[in-house]
Amino acid sequence: MVAPTSLPLADELQALRAQMVDLTLRHVPGEGSHQSAISCLHLVRACSTTPKGPALYEPGVVIVLQGRKKVELGQETLFYDPLHFLLVSMTMLPRGQVVDATPEKPYLCIRVSCDTQTLADLMLEVGPMSSDATPQPQSGLNVAPVDAPLLGAGLRLMQLLDNPQDQRVLGPLLQREIFYRVLTGPLGPRLRSLAQQDSATRRLSRAIDELTRRFNEPLSIEQLAEVAHMSPSTLHQRFKQLTSFSPMQYQKQLRLQHARRLMLAEGLDAASAAHQVGYESASQFSREYRRLFGTPPRADIEQILRAS
């Protein structure tokens with residue numbers, strides 16, 4: 001009996017992607033980002049290119065199945081597509097743009113989230129690796145070539161959408177496998193530096209986590225420096241290097257991004273959303289919202305709803 005021959009790598013990747021595209025199209029009701037029945041899995045669909053605009057990227061891995069996207073953070077520009085996945089090490093506020101999408105062939109991707117404690121536990125199980133000594137760029141966003149093991153794990157996670165009875169048990173296992181594949185690949189040192197308790201990246205991520213949790217509260221640079229175990233001047237310098245924003249600029253962007261979500265998801269008016277995210281002045285909120293998104297709050301939300 002002759003053993004079956006394996007597919008060439010390019011064909012194997014294409015076959016895996018084709019199944020993932022089919023699952024995404026079946027489970028995504030329309031344009032935008034959609035939380036799936038699996039807590040760590042988001043599905044994204046865009047039927048046309050988009051203008052470059054501010055975005056909120058939460059920690060996780062983004063695997064593009066179809067189309068292409070560009071993301072800018074400070075002076076850095078990254079592209080990710082079916083051949084390259086994106087690793088978001090911590091909550092980031094880049095400018096994003098879908099650059100390849102049509103109604104016939106929409107931009108499709110999945111985002112798999114993971115918290116730092118799960119990463120730390122996984123890192124302890126995997127143990128040290130020789131690649132950990134390789135210097136890594138100081139950035140919260142990185143891209144790397146996608147491979148068959150990573151796509152295979154992503155496909156099996158997506159297949160749970162058709163098997164709800166398996167989601168609770170197998171979902172966390174497949175989430176761990178996806179991040180294991182990243183951890184043992186070229187971007188592994190980035191994840192390890194995030195999970196290691198005493199690394200500078202981990203200490204910065206604590207400050208970012210604090211801002212993300214308490215974005216609607218008054219916070220000083222001294223409070224954040226205490227959380228990160230850094231001096232205020234060191235925190236300010238390294239925070240801007242990592243995110244391209246000062247801590248207070250970052251907090252302002254978080255507030256405006258969350259206000260936009262509240263107006264879209266819950267139908268709040270601008271004044272109510274402004275109050276919930278920490279603004280005392282509705283007029284100041286409207287000015288800063290327009291400066292970031294290009295149009296006043298009401299016009300921006302109406303435009304998004306018409307396009308969806």
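Predicted model: local features only at pLDDT ≥ 70, side-chain atom pairs only at ≥ 80, totals over all residues.
Reader: Let's begin with Ser246. Why does Ser246 count as buried?

Author: Buried means under 20% relative accessible area. Ser246 has 11% relative accessibility, so it counts as buried.

Reader: Where is Ser246 found?

Author: Look in the loop between helix H8 (232-243) and H9.

Reader: And which residues does Ser246 touch, not counting residues up to four places away in sequence?

Author: With those set aside, Ser246 touches His236, Phe239 and Lys240. Contact here means heavy atoms within 4.5 Å.

Reader: Now to a strand. Why is strand S5 described as largely enclosed by the rest of the structure?

Author: Strand S5 covers residues 68-73, and five of its six residues are buried, so the strand is largely enclosed by the rest of the structure.

Reader: What makes S5 and S8 a pair?

Author: Two strands pair if there are at least two bridges between them. S5 and S8 have five bridges, in the antiparallel sense, so they meet that cut-off. As an example, Arg68 has Asp100 in S8 as its bridge partner.

Reader: How many residues lie between the strands in the hairpin of S5 and S6?

Author: There are two residues between the strands, and in this hairpin Gly74 takes a positive phi near 65 degrees.

Reader: On to the pockets! What makes a residue part of the lining of a pocket?

Author: A lining residue has an atom within 4 Å of a point of the pocket. For the largest pocket, 44 residues form the lining, and Gly32, Ser33, Lys69, Arg260 and Ile304 lie nearest its centre. Several elements give two or more residues to this lining, including strand S1 (32-35), helix H11 (282-293) and helix H12 (297-307). About 1,800 Å³ of space lies in the largest pocket.

Reader: How does the lining of the largest pocket divide into nonpolar, polar and charged residues?

Author: It has 19 nonpolar, 15 polar and ten charged residues.

Reader: How much space lies in the second largest pocket?

Author: About 270 Å³. Its lining has 16 residues, with Pro59, Thr91, Asp115, Asp209 and Thr212 closest to the centre.

Reader: Which element gives the most to the lining of the second largest pocket?

Author: That is H6, with four residues.

Note on methods:
Residues numbered from 1 in each chain as written. Heavy atoms only, no water. 1 Å grid on protein atoms, 1.4 Å probe; cavity = no way out; pocket = protein on both sides within 12 Å on 5 of 7 lines; lining within 4 Å. Points joined across faces, edges and corners; volume = space filled by probe spheres on them. Nonpolar A, V, L, I, M, F, W, Y, C, P; charged D, E, K, R; others polar. Buried < 20%, exposed > 50% of the residue type's maximum accessible area, 1.4 Å probe, protein only.
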